[in-house]
2 protein chains.
Amino acid sequence: MSSVPAFKRLPRAVREQQMLDAAVKVFSRRGFHAASMDEIAEDAGISKPMVYAYLGTKEELFVACLHREGTRMMQAIAGAAAPDLPADERLWRGLRAFFGFVGAYRDGWAVLYRQARGEQPFAGELATMRARLVEVVAGMLDHALRAEGREIAAIDLEVVAYALVGATESLADWLADHPDADPEKTATRMMNVAWLGAAQLLHGVTWRPPAD
Amino acid sequence: MSSVPAFKRLPRAVREQQMLDAAVKVFSRRGFHAASMDEIAEDAGISKPMVYAYLGTKEELFVACLHREGTRMMQAIAGAAAPDLPADERLWRGLRAFFGFVGAYRDGWAVLYRQARGEQPFAGELATMRARLVEVVAGMLDHALRAEGREIAAIDLEVVAYALVGATESLADWLADHPDADPEKTATRMMNVAWLGAAQLLHGVTWRPPAD
DNA sequence: GCGTAACCCTACGCACGAGTAGGTATGCTC
DNA sequence: GAGCATACCTACTCGTGCGTAGGGTTACGC
């Protein structure tokens, strides 16, 4: 019966990537708990014990997914933004790279953003990554502000950065749900909202609540 | 033994609310799948069959939570924004009401935003609610634009509205994680980001990508 | 004061899915 | 071509947690 081995034996590194691909796909659709190891194994075209042998328990597998997609995203962004460019140019490049990542790895984005958020054991890991992003954006704003001779409280800076990151994530989600949409164009739209608003802040324009 | 009934018998309406309170609390911490009906029942101070008798299966219970918190939120917002006010005033009141809701019902917000998103059966319901919000915001923007004699494509309007809603949700999440933070102040910060950016758009200022 | 309906409980059955035991085949090295 | 590591499988165990069967007790109408 050995004449035609139904499917090929492949080196570990290759199989691991296939498993991660399958896992990201299944986790993105079902969420961590509803996803079953059986389904992931089947989708990867392999049997369950292999998944356990290579990637460990379900939690470890999920963390591996988070790790791969997370670094993929961070590297896409980091590779795009040269630190010596003007703020708007850096922001633009960062956004373009980010939306490019989301467009290319929609499932990866869905796992990071939609699934890992609520699940207690992983939320922390994600929050850290997010915090790094917020910090970068806040740093950019602060830099631009100082260049104009202005300054605002650190907490305000953080919150504004948080809002910008949130808006960006939200558009990323919109992009993930609209397969025909153009990442580049989405980045432009985000730039419009973010930069125009931020520019106002930079020039010292602020909005104040009415007397009531 | 009947002399002191360990705990009182209560009418159905009261118990249902206690159960929903417990369910929202547990779901918000654990997520839909990781939450157990036993824990919810225990937290509500009642036995499991009662939960099934009153609120039905786990899915139905989750939907009931979504429903209660969702309408609570929508009503808070709707009750705040009189339709004949100027756009910035309406936006401000809407934001204030929204952050007020999040501050008052942090667990409810967490269920809506963090948990219901990824879980397939419920994501649709939530997306609809969110879409209604986006529509309202887009309508406001459109109204304000037309008042200035301007107009932009419907898709751009939608995406900008999406970004604003996303930024708001993100700040809401920040608020939910910072119990000491002031909802009112958070609303002001959001208003700064949103309105200043939107005002620019209203006046026809747009950002364009560099030639490359 | 007596029936009846509403409130509430202690158990269980049962399925589903994580993780493993134990074994087979294939290719690579010397 | 013998030995050995690596790739791979089928078929189980066992815990966990949803949902229920079957029965008890309190209040309320009449």
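**View 1. Asp21(A) is partly exposed on helix α1 of chain A.** This residue counts as partly exposed because 17 other C-beta atoms lie within 10 Å (C-beta atoms are placed from the backbone; 20 or more within 10 Å means buried, 12 or fewer means exposed, and partly exposed is in between). Asp21(A) sits in helix α1 of chain A (helices are DSSP runs of H or I with at least four residues, strands are E runs of at least two, and both are numbered from the N terminus). Ala41(A) is 20 residues away from Asp21(A) along the chain, and their C-alpha atoms are 11 Å apart. A note on what you're looking at: this is a predicted model, where local features need pLDDT of at least 70, side-chain atom pairs count only at pLDDT 80 or more, and totals for chains, interfaces and linings use all residues. Residues are numbered from 1 along each chain as its sequence is written, while chains are lettered from A and ligands numbered from 1 in the order in which they are written.

**View 2. Chain A has 9 helices and 0 strands.** Read from the N terminus, its elements go α-α-α-α-α-α-α-α-α. Of its 212 residues, 40% count as buried. Take the contacts in chain A between residues at least 6 apart in sequence, and 66% of them join residues at least 24 apart (a contact means C-beta atoms, placed from the backbone, within 7 Å).

**View 3. Chain B meets chain A through 41 residues of its own and 42 of chain A.** On the chain B side, α5 (87-104), α6 (106-115), α8 (154-177) and α9 (183-202) each give two or more residues. The largest share, 13 residues, comes from α8(B). This side has 21 nonpolar, 12 polar and 8 charged residues. The copies meet through the same surface, because 100% of the interface residues of chain B are also interface residues in chain A.

Terms used:
Contact = placed C-beta atoms within 7 Å. Nonpolar A, V, L, I, M, F, W, Y, C, P; charged D, E, K, R; others polar.
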